[in-house]
Amino acid sequence: MTELEHRVQGVDHVAFPTFDPAGTVRFYRDVLGFPVVHSICAAGWGPEDHPDFIHFFFDIGNDDRIAFFYYFGTAPDVGGAEGVKGDVYARFGADVPDFFVRSRHLAIHVDNEEDLLEYRRRLDASDWPVEMQIQHETIESIYTHDPNGYMFEITRAMRPVTPQEDLDANLTIDALLDVVGEPEPSFGKLLARKAELIVERAADWAAAPSEAGR
């Protein structure tokens, strides 16, 4: 596959609905210290039945922002009152596993362990204490839920990711795409297909250094 030129420069903003703007401001601005950097006040937008709203943004560093929509007069059960898990946007039944519900989340990175622990201190002193602190593979993360029920993560790298790991990631994704295109995909089939791809591509990898030196 031809590699496309990479032109994007990161996240401008991610946006979520909220039914609790006061709690949202407390969490992101007053507890975490993310300043409000922009807001849009709109008397409706688009179709006639579109409610009035405010769209407000917090600075999360690196010119990136997290934003929220608060729609005046919109009831909190718009996302599905029958759900007992999830957040204001997506509700799930009691039988849906927690790992599935929590998989949709926002992660913000910090430079080092000191910064990570400082945010842990701020959260633990608030109404939204840290629920988990986990080291997994190359990162360490703290997790909590914000006032809207969104899973929120702050993470720091424990070591750099190597070029070999980037190569492994691409092998894994190529194998995954092959496996999910067939009936009954499984983790075992993924590993088997990945092993096949390693064998298929090994000769090209071995030739690459010598060709680069010509």
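This is a predicted model: local features need pLDDT of at least 70, side-chain atom pairs count only at pLDDT 80 or more; totals for chains, interfaces and linings use all residues.
**Group meeting talk: a walk through the model**

If we leave aside neighbours within four places in sequence, the residues in contact with N148 are P17, T18, F19, D20, T24, F68, D87 and V88.

One name there, F68, takes us to the next topic. F68 belongs to the largest nonpolar core, which has 24 residues. Which of them have the most contacts inside that core? They are Y28, L32, F34, I66, F68, F152 and I154. Several elements supply at least two core residues each: the helices α1 (21–31) and α3 (113–124), together with the strands β3 (53–59), β4 (65–71), β7 (105–110) and β10 (151–157).

Let's zoom in on F152. Which residues does F152 touch, once neighbours within four places in sequence are set aside? The list runs F27, Y28, L32, F34, L106, I108, I142, Y143 and T144. Two of those, Y28 and L32, are also among the core residues with the most contacts.

Now over to helix α4, residues 163–180. This helix has 18 residues, and from its first C-alpha to its last it reaches 26 Å, close to the 26 Å expected at 1.5 Å a residue. Which residues of α4 are buried? Among them are L171, A175 and V179. These three lie on the same side of α4, because they cover an arc of only 70° around the axis. On the face turned away from the buried side, α4 carries the exposed residues P163, N170 and L177.

Next, charges. As a general point, side chains of opposite charge can pair when their charged atoms come close. How many salt bridges does a search of the whole structure find? The search finds 14, and I'd like to show you a few.

While we have α4 on the screen, look at D178. D178 forms a salt bridge with R193, and the closest N and O atoms are 2.9 Å apart. This pair links distant parts of the chain, with D178 in helix α4 and R193 in helix α5 (residues 187–212), 15 residues apart. D178 counts as partly exposed, at 34% relative accessibility.

R193 has another partner: its side chain meets that of E196 in a salt bridge, 3.0 Å from N to O. Both E196 and R193 lie in helix α5, 3 residues apart, about one turn of the helix. E196 is partly exposed as well, with a relative accessible area of 42%. Through salt bridges that share partners, D178, R193, E196 and E200 are joined into one network.

Helix α3 has a pair too. D124 forms a salt bridge with R120, with 2.9 Å between the closest N and O atoms. The two residues both lie in α3, 4 residues apart, about one turn of the helix. D124 is partly exposed, with a relative accessible area of 36%, and R120 is partly exposed at 25%.

Let me finish with a few exposed residues. Q135 lies in strand β8, residues 132–136, and counts as exposed at 52% relative accessibility. Not counting residues up to four places away in sequence, Q135 touches E140, R156 and M158. Q135 and R156 are 21 residues apart along the chain, and their C-alpha atoms are separated by 9.6 Å.

E137 is not a glycine, yet it has a positive phi of about 55°. At 78% relative accessibility, E137 counts as exposed.

And where does N62 lie? N62 is in the loop between β3 and β4. Its phi is near 60°, a positive value in a residue other than glycine. N62 is exposed too, with a relative accessible area of 66%.

Terms used: Residues are numbered from 1 along each chain as its sequence is written. Side-chain values use heavy atoms; hydrogens and water are left out. A nonpolar core is a set of buried Ala, Val, Leu, Ile, Met, Phe, Trp, Tyr and Cys residues joined through side-chain atoms within 4.5 Å. Buried means under 20% relative accessible area, exposed over 50%, partly exposed in between (1.4 Å probe, protein chains only). Contact means heavy atoms within 4.5 Å. The expected span of a helix is 1.5 Å times one less than its number of residues. The arc is that of the directions from the helix axis to the C-beta atoms. A salt bridge is a side-chain nitrogen of Lys or Arg within 4 Å of a carboxyl oxygen of Asp or Glu.
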